[in-house]
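I opened my notebook to look at how two chains sit together. Here is what I looked up, entry by entry.

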Amino acid sequence: MQTKSIRLTREEARDLEELVEETGEVEAAVLKRAALRGIREERIERGVLAYLRGESTSRAAAIANLPRARFLDLLAEKGVTLLQGPSTLGEELSLLARWFGDARLEAVSGRLQESPGDLADEHS
Amino acid sequence: MNIPEKHDGRSGPERLRAVLDTSFWTAAWRADVAANCLDLFEIVVPRAVEDEIRANDPLFPRGEFPYATLFRHLRDKMLDPPDPEPERLPDLGRGEASALALAQALGVPVLVNEHRARKLAANLGIDTITVPAVIVALYGLGVISDRAAWRKLRLIEAITAAAIVHEAATALSALGASIGGRDRPGAVARSTPRGGRAGPGAGQPDARPVPPR
């Protein structure tokens, strides 16, 4: 265990005293929890920023100190666009249509690849 | 585009073998299609991907995330990777590197739902399948109803580029899905807080009888 000390203004110290009184815990426990939460939020914020600046999800998750799956889920909770364009939906559907032998799906995937705008106009 | 050889010995429609990436699982869980994927795919799970999905929060090591719980329950329906696994691709995180290397080695698509990983796969000549495509295919193949398809698409609207959501909606309409009303993407999404957790299991039953083909 290591001991860290911080300096607080009078107002900040009064705020802390009120919280300690409210929780009924010892001051050190309240301070430790607040510090850990703050560090966690800071790391997550930096991880999200790193992803938005172009880092891979693996690297950004490491910065956030979260498992990659949880980090991806957290990005989703924050509404970050994980799947950006260009769309490959037509190609993906074509693969699935051919595998499953579905002519209707194949036709739609072909139209999507050729002229998605026309298909959208027909079905808007 | 490569069409892998069929290898499923079950009766009925054969499933497509595909390698799972973590990004697909979390998005499929969010869209409430993770279990449906087992109707379409023989999912091969790289060990690093399994580790990523099952990893707990370091601050709450006894807890389990909901997507991890579903994975744990369905894991025995999925396939183990070969032992040893192909060497991971360099300069990538463990999960992505393992998934792409395994898909490449097996000559099968990778299930992925994050654009950078998808781009890397494309650069390596690996076919990719994303969650929006799975939603459209599930409807097109008669596994889910149109209402369920609209709802599932809406659940991932916030994390998917508008152009892709629009294409998926167009494909659903072209396949005969009736206008989705309040379930259709964009219909109420603007009034829904972004980041609201998608609640798998809510709403009407998703399944419908498979029509004659």
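Before I place anything, a term: helices (H or I, at least four residues) and strands (E, at least two) are DSSP runs, numbered from the N terminus. With that, I found A:Arg104 in helix α6 (residues 103–114) of chain A.

A note on the source: this is a predicted model, in which local features need pLDDT of at least 70 and side-chain atom pairs count only at pLDDT 80 or more, while totals for chains, interfaces and linings use all residues. Residues are numbered from 1 along each chain as its sequence is written, chains are lettered from A and ligands numbered from 1 in the order in which they are written, and side-chain values use heavy atoms, with hydrogens and water left out.

**Entry: A:Arg104.** I looked up its cover and read a relative accessible area of 44%, so A:Arg104 is partly exposed (buried means under 20% relative accessible area, exposed over 50%, partly exposed in between, with a 1.4 Å probe and protein chains only). Leaving aside neighbours within four places in sequence, A:Arg104 is in contact (heavy atoms within 4.5 Å) with B:Gly140 and B:Leu175.

**Entry: A:Leu82.** Next I went to the loop between α4 (68–77) and α5 (89–100) of chain A, where A:Leu82 lies. Is A:Leu82 buried or exposed? Its relative accessibility is 4%, so A:Leu82 counts as buried. Beyond its neighbours within four places in sequence, its contacts include A:Tyr51 and A:Leu72, and also B:His115 and B:Ile159. I also checked A:Leu82 against A:Ala103: they are 21 residues apart in sequence and 31 Å apart in space, C-alpha to C-alpha.

**Entry: where the chains meet.** I found 65 residues of chain B in contact with 49 residues of chain A. Between them the two chains bury about 5100 Å², 62% of it on carbon and sulfur atoms; buried area is the accessible area (1.4 Å probe) that two parts lose on being put together, summed over both.

How many salt bridges are there between chain B and chain A? I counted 4 salt bridges, each a side-chain nitrogen of Lys or Arg within 4 Å of a carboxyl oxygen of Asp or Glu. B:Glu52 forms a salt bridge with A:Arg68, and their closest N and O atoms are 2.8 Å apart. On the side of chain B that touches chain A, the largest share, 8 residues, comes from α9(B).

**Last entry: A:Leu31.** I ended in helix α2 (residues 27–52) of chain A, where A:Leu31 lies. A:Leu31 is partly exposed, with a relative accessible area of 30%.
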